[in-house]
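Look at the fold below. Follow the chain from one element to the next.

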Amino acid sequence: MADLAWGTSSAKTETTTASAKAHNNLAVTLIAEAETAAADRRKALLQEARTHAGEATVLYPNYNDGFLTIALSCARSGDLDCAAAALERARAIQPGSRVLQANVKYLSQLYLQRAVQEAGNGSARNQVIAS
């Protein structure tokens with residue numbers, strides 16, 4: 001009887017893990033599709049990707065790839081704070097991941113780009129006000 005219960009639990013865990021991976025794989029596909037999509041379609045695809053990656057992490061809370069995919073979909077849609085939060089969750093699960101380190105580097109580059117753009121816009125605004 002104990003073996004039967006263990007087998008059921010194991011099968012359920014395997015199914016949950018497979019479902020989480022399927023959601024994450026769909027999210028990755030949607031992110032790739034968004035790269036060549038028109039702006040309005042791109043936004044919808046990235047939101048759908050974030051939803052599927054989020055579902056993956058609900059099904060499998062320690063699924064590092066799910067959090068990395070959330071981070072990528074957030075970053076690609078311009079929500080850098082969301083991306084940072086997802087990377088923090090991934091870091092808690094697998095701190096030494098090289099993929100995590102690459103994503104942190106990518107995110108830091110996006111933050112730097114944003115800061116440079118905002119500084120440029122601020123300078124232009126200050127020049128207009130000073131005129």
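The model is predicted: local features need pLDDT of at least 70, side-chain atom pairs count only at pLDDT 80 or more, and totals for chains, interfaces and linings use all residues. Residues are numbered from 1 along each chain as its sequence is written, and side-chain values use heavy atoms, with hydrogens and water left out.

Now step back to the whole chain. It has five helices and zero strands. Along the sequence the pattern reads α-α-α-α-α. Helices (H or I, at least four residues) and strands (E, at least two) are DSSP runs, numbered from the N terminus. Of the 131 residues in the chain, 28% are buried. Buried means under 20% relative accessible area, exposed means over 50%, and partly exposed lies in between, with a 1.4 Å probe and protein chains only.

Take α2 next, residues 39–59. Its 21 residues reach 30 Å from first C-alpha to last, close to the 30 Å expected at 1.5 Å a residue. The expected span is 1.5 Å times one less than the number of residues. Buried residues in α2 include Leu45, Leu46, Ala49, His52 and Ala53. Gly54, Ala56 and Thr57 are also buried there. An α-helix has 3.6 residues a turn, so residues three or four places apart point the same way.

Helix α3 covers residues 64–76. Its end C-alpha atoms are 19 Å apart, which agrees with the 18 Å that 13 residues should span at 1.5 Å a residue. This helix is mostly covered, with ten of its 13 residues buried. Among them are Asn64, Gly66, Phe67, Leu68 and Thr69. Ile70, Ala71, Ser73, Cys74 and Ala75 are buried too.

Which residues form the one aromatic pair in the structure? Tyr60 and Tyr63 do, and their rings are stacked, 5.3 Å centre to centre with 10 degrees between the planes. Rings of Phe, Tyr and Trp (its six-membered ring) pair if their centres lie within 6.5 Å; planes under 30 degrees apart count as stacked, over 60 as edge-to-face and the rest as tilted. Tyr60 is partly exposed, because its relative accessibility is 30%. Tyr63 is buried, because its value is 9%.

Arg89 is partly exposed, at 48% relative accessibility.

Between α4 (80–93) and α5 (98–130) runs a loop that holds Ser97. Ser97 is buried, with a relative accessible area of 9%. A polar atom of its side chain lies 3.1 Å from the backbone nitrogen of Leu100.

A search of the whole structure finds one cavity of 30 Å³ or more. A cavity is a set of points on a 1 Å grid over the protein atoms alone where a 1.4 Å probe fits but cannot get out; lining residues have an atom within 4 Å of a point. The largest cavity has a volume of about 30 Å³, and a volume is the space filled by probe spheres set on the points. Its lining is Ala71, Leu72, Ala75, Ala83, Leu87, Asn103, Tyr106 and Leu107. The elements giving two or more residues to this lining are α3, α4 and α5. Seven lining residues are nonpolar, one is polar and none is charged. Here Ala, Val, Leu, Ile, Met, Phe, Trp, Tyr, Cys and Pro count as nonpolar, Asp, Glu, Lys and Arg as charged, and the others, Gly among them, as polar.

Key
Polar contact = N/O pair within 3.5 Å; in protein donor to acceptor, adjacent residues only side chain to side chain. 1 Å grid on protein atoms, 1.4 Å probe; cavity = no way out; pocket = protein on both sides within 12 Å on 5 of 7 lines; lining within 4 Å.
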